[in-house]
Amino acid sequence: ISPLWFPTLFASALTVKKSPKKPNSKPVYILKVTDYHVRCRVVSRYAVTTVQSSVWNQLPITKEAAFEVDLPSSAFISNFTITSNGKVHVAQVKERAAARKIYDAAKKQGKTAGLVATKEREIEKFRVAVSVPPGARMFFSLSYEELLPRRLGRYELSLGLRPGQPVQNLTLDVSITERTSISFIKVLPLKTSRLLSNTAQGQMSHHPTLQQQNGVSSKGLNVDFIVHYDVDLRDLMGEVQVYDGYFVHYFAPRGLPVVPKDVIFVIDVSGSMIGTKIKQTKQAMGTILADLREGDHFNIITFSDKVHTWKKGRTVRATRQNVRDAKDFVKRIIAEGWTNINAALLSAAQLVNPQSTSDRLSSRRVPLVIFLTDGEATIGVTAGDAILSNAKKALGSASLFGLAFGDDADYLLLKRLALDNRGVARMVYEDADAALQLKGFYDEVASPLLSDVQLTYLDDQAFDITRSLFPNYFQGSELVVAGKVKPGVKDLKVSMSATDLKKRVNLENDVLILNAEGNESADSLKCSGGSEGISSFVHRLWAYFTIKELLLAKLNATDPATQRLLADKATNLSLKYNFVTPVTSLVVIQPDEDEAARSPTTAKPATAAATTTTTTTTAAPAKTEAKSSGTGSAKKPVSSVDGDPHFVVQLPKLHQNLCFTVDGSADDVLRLARTYFDRLTVSSATGGSGDIMITLSLDAVVVEGEGRDILPISQQGSVTRQGVTVTVDNHRSCWIELGRDVRFLVLFHQYKHPSYLQMAHLGFYITNGRGLSASTQGLLGMLKKKCPLPAPSPTHLPPTTGMQKTHQKVETLK
């Protein structure tokens, strides 16, 4: 599997290694996937995708069948079915609390139920697993829906092809229907040129043979099928479609002059940016600065516990000399210290809000703040509500775009900041292409064409309209509004007002409402799990948009009553349209015992933080049998995890063991989410009476061996025993030296206002591992935002030590 990317304060990692193969080890049998089909229908940017898989157990024993699909994070699941013995079991969408009751009831009755989720980049994973008796077949079908956003002048459709093995009957079929003509369409190559698909205008198919699949990998395809396309929109008012009492307005005018901008780049340079992150940020900034237009003005702010502004008190014109000077400034950036988000935002506000309002109006430059951080506020004003209030007062009409670099960034705060200040927030994932991600996001906002865009529909004609006021329209993007049309309206009057390079622009248009019956653009996109059999994509698109906007409004609301009201509205719409959303859960009821699948069923669409989908599943009780273990015999349920790779952590003082199941392959790295260490023990065993044991807690360091010494973490002190030196310094740090070539550092992280996301903990690092055995291996911890480092002196931290790196490569010390 891929790594589990959960937001973490302190992430532990485990490297899964292949165990040596025994000469007489039994072969691993897997079920045969006989069919795998992906079908996608795109109608006016609205995509409905169905993934189907058929599994046959040709073995003489019962085996588990897993069905896993990658979902775009913006998609809503709308239907899921399992078919066994000719009977179709349809998953139900339930309100979260109701689904939780089903889950809890199943647990009390001894049934197996799961609430598990993973996330990687912008892809969420849906997973279901059931047991298939010998000779039986199991059919899975999953449907999901999404609106394709327009970015950088194109729409992107991405479909995963991951059947898990070569499949005899594997097909992928895509159709794209647009009412206006398609200006271009391109299928990106897969991993091998032998699998390029033939592309007709709006029709694509992909049917690789077994030989072609094996040519890619003996384990089957593991690729993305990606389509880029765009449409012709010659009318400045865009395209309006009305069907069955609902309308959608796509606004994306082309050919407008670019408006100059005042852009402030605010860059986090705190200690956790050390290494790859700061290198990638510098690389991206070098390219971004080179792309500034002559008419643009800009400035750069770097912040840690202190804030540094490149050009004091003003933005400067993007002349060649200023761009060269700015690049030199970026090259000299170093990462160290803590994180003062509040002070950085206030400094940015001073630059984009000049004292003279008349100067600002005459310049007509669009004020933008691009704010990048990889963590949470750890110094200065750290309360989120206070930061939000201060930023909103100071930034005025400037648009703030938040970039959350990595899992430890306070993405929730950045989303609320962006919502409050006319912008959007985006994740930047820690990967080799992070610099390209940063540059790609900048390109999306680099060319403002219009500001303060208002799309208006007469009150006596339309109602229940989604967001229609937009702070900016950028080149290559698209603004979308959906709503309902009152009965009897024959033509819908649409008007637009916005500010361009020189003046305020006003346009009007009348849209003739035609009967949608027989119109190909409104061809049936039914959800088999829905109750109404809705025949128009516009209807579902309106619900899709409305739910997303209700959830954003709930995120930004501070009044509990308002939050409940918004959540209730989003829940009711989700249930009506059978959408799996952050306020609903998918409940998969296990087939009856007399049917083919009897084992636990676990459905896993991904969740990130508190704002994505959780799936609840219930199942019949698992069979039990007696099994012996190293500590004696015990009754233990036989579940779908038996035989999987796993590891056990012993807790001798509590007389308990923790068993973790690991779905993975050799060299996969798995992270344990929300893990906090509050006690660490390091022992130096000499085999005699001189053994030394060092126990570190959040209050003190205890050194035992030839006596007992206690070093409070709030004071400086040092103890040396049997060649082991333990030093506590005034940076709330403890250094442990084992001889000359092994040196560890433990940091004591305390917070003024501890919370679930910010608990006191210990951070463990290796600053000198030259004396460790060559067999030392594993991963323990990351240099994360929650673990900002003090700026150590050269005597404490040589420049060549492992502390300079983001990842520390030691767990098991031998």
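Predicted model: local features only at pLDDT ≥ 70, side-chain atom pairs only at ≥ 80, totals over all residues.
Residues are numbered from 1 along each chain as its sequence is written, and side-chain values use heavy atoms, with hydrogens and water left out.

Let's start with the big picture. The protein comes to eleven helices and 49 strands, taken as DSSP runs numbered from the N terminus (helices: H or I, at least four residues; strands: E, at least two). Of its 814 residues, 52% count as buried; buried means under 20% relative accessible area, exposed over 50% and partly exposed in between, with a 1.4 Å probe and protein chains only. Take the contacts (heavy atoms within 4.5 Å) between residues at least 6 apart in sequence: 69% of them join residues at least 24 apart.

Now for helix H10, residues 537-556. From first C-alpha to last, its 20 residues reach 29 Å, close to the expected 28 Å, where the expected span is 1.5 Å times one less than the number of residues. H10 is largely enclosed by the rest of the structure, because 14 of its 20 residues are buried.

Asn85, a residue other than glycine, has a positive phi, near 55°. Asn85 sits in the loop between strands E5 (76-84) and E6 (87-90) and is exposed, at 61% relative accessible area. Leu152, also not glycine, has a positive phi near 55°. Its loop lies between strands E12 (150-151) and E13 (154-161), and at 41% relative accessibility Leu152 is partly exposed.
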